[in-house]
Each structure stands twice: as structure tokens, then as C-alpha cells.
Amino acid sequence: MAPKKNASKPAAKKAEPKKAEKTEAKPAKAAAATDGKGVYVKNLNFPGIAHDTIIAAFKPCGEVKDVVLRRRKYCIVYFKDAAGASKAKELNGKVLKGQKVTVESAKKKLPQERSEFCTTVFVGDLPRMSRKQGKANLKKEFSSCGAISKVRTYQAGHGFVYFKDNASAKKAVTDMDNKPLGKPFPENRPVKVRYSIRTKEKDAAKEKVRKTRIAAKAKKTTTKKN
């Protein structure tokens, strides 16, 4: 009977390598999220900040493929190759366009080409006008490109036109970029039309988060007073 007990011990040790294999597989998934071609930039807040001015600022580092700008507080710059991103990271902690910036590797790689999926376009270089007037006039100017579901304008001089499909957004970029709009817009002032990743659903989700934070802050303030 003794040999049988000894023979059962090695069988338990065979299961150990399987656990090690699962642990080793995790880093591979994380690495697949980025390709080393993007950089995350914070504190790049200068007058006239826009996609084109950011591209110009990072052009010395390499060819810029795309820029994702968020509320003029930070942006992600995607280069044609990893060498451009590596050069851009040398600007970390240095002054760029009058601001001391933080530049580090982006956590996500550039998604598919915007022209293939975007249904919204960014319209820049607009004159200052009321939001009501801006919405009505932008909708009128871009209605020839396709069905519009929503228009948002900002007094800073830009806006967003939300179309119902990608084909309409493509037409807007192709037909309207770098061209002046009709009256009441200035005759000799061409506008910039770019693809935007905004959607009505994303806007609604952000607004929900914003309202939740405001409610939580108000509740916290009320509790302190009591």
C-alpha cells in the first residue's frame, strides 16, 4: 500500500505550471492597447488652441496623424510613427507655446480613421453670435450635406454639426472645409470643418455624469451645514 501513496504526490505538482501560464498572459493584453505612436499632453492651454495649432506645435517632432482635444485642458497627439512620439516626450516638463507641459505616452492607440465612422463635424473660425442665431444659421448652411439631428455652437467661435450618418459628415468635410459660409457669416472668412468623435449618446452620458457630480457636491455641502 505504501508505494501507492508515494505515487499520488507528483500528480498534484503537475497542476502548478497552468497557474503560471495565466499570469504570464496578462501583460500581453495591456501591451496591445497602445502602439507607442501617441502622447498625452497636459496644460497645453494657449490662445487660439485648436487641432491645427496643436499640429503645428508638434510638427518639429514628426508627422502628426490626428489630435484629440478635450475641453482645452489636455489633448492626445498621434504621430505617424513611434519615433515622432518619442521625440515629443522629450518636451515633458518644458515650455511649449508659453506653457510648461506634461507629455507622456498615451494609453490607447489611434482608433480607426475618423472619416470611416464619424457622423459629427467640428466647425471652426466662426464669428461671435448668439447660440440661437448660430444654431439656426449653421443648420441652414450644412443642411445640403445631409440630414442633421443636432447643432451646438459656442461663443468662442466654433460649433458642432451632428448628422444622421457618416456619408453626410464626409460630404460636409469635403464640400465645406476652407470655404466661406453664406450670410450672416462673413463673406471672406473660410471656416474649418473637421471630423469629430462626438455623438448625441456620448454627450448625454457626459451630461449625466456632470449632473451626478453636481448633485453629490450639493448634498455634501448641505450635510456640512447641518
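1. The second largest cavity is lined by Ala 50, His 51, Asp 52, Phe 122, Lys 192 and Arg 194. Helix α3 and strand β11 are the elements that give two or more residues to this lining, which divides into 2 nonpolar, 1 polar and 3 charged residues. Its volume is about 40 Å³. A cavity is a set of points, on a 1 Å grid over the protein atoms alone, where a 1.4 Å probe fits but cannot get out; lining residues have an atom within 4 Å of a point. Nonpolar here covers Ala, Val, Leu, Ile, Met, Phe, Trp, Tyr, Cys and Pro, charged covers Asp, Glu, Lys and Arg, and the others, Gly among them, count as polar.

2. The model is predicted: local features need pLDDT of at least 70 and side-chain atom pairs count only at pLDDT 80 or more, whereas totals for chains, interfaces and linings use all residues. Residues are numbered from 1 along each chain as its sequence is written, and side-chain values use heavy atoms, with hydrogens and water left out.

3. The count comes to 2 cavities of 30 Å³ or more.

4. The largest pocket has a volume of about 1,100 Å³; a pocket is an open set of points with protein on both sides within 12 Å along at least five of seven lines. Of its 34 lining residues, Leu 69, Arg 71, His 158, Phe 160 and Arg 198 lie nearest the centre. Helix α7 gives the most to this lining, with 5 residues. By class, the lining has 12 nonpolar, 7 polar and 15 charged residues.

5. The chain has 7 helices and 11 strands (DSSP runs numbered from the N terminus: H or I of at least four residues for helices, E of at least two for strands). In α3, the buried residues are His 51, Ile 54, Ala 57 and Phe 58 (buried means under 20% relative accessible area with a 1.4 Å probe, protein chains only). Because they cover an arc of only 125° around the axis, these residues lie on the same side of α3; the arc is that of the directions from the helix axis to the C-beta atoms. They pack against β1, β2, β3, α4 and β4.

6. Phe 79, in strand β3, is buried, with a relative accessible area of 2%. Leaving aside neighbours within four places in sequence, its contacts include Val 39, Phe 58, Cys 61, Val 64 and Ala 88 (contact means heavy atoms within 4.5 Å). Its C-alpha atom is separated by 5.2 Å from that of Lys 65, 14 residues apart along the chain.

7. The largest nonpolar core has 22 residues, and Val 121, Val 123, Leu 138, Phe 142, Val 161, Phe 163 and Leu 181 have the most contacts inside it. Such a core is a set of buried Ala, Val, Leu, Ile, Met, Phe, Trp, Tyr and Cys residues joined through side-chain atoms within 4.5 Å. Its largest share, 4 residues, comes from α6. A second, separate core of 20 residues includes Val 39, Ile 49, Cys 61 and Val 64.

Definitions and conventions
Buried < 20%, exposed > 50% of the residue type's maximum accessible area, 1.4 Å probe, protein only. Points joined across faces, edges and corners; volume = space filled by probe spheres on them.
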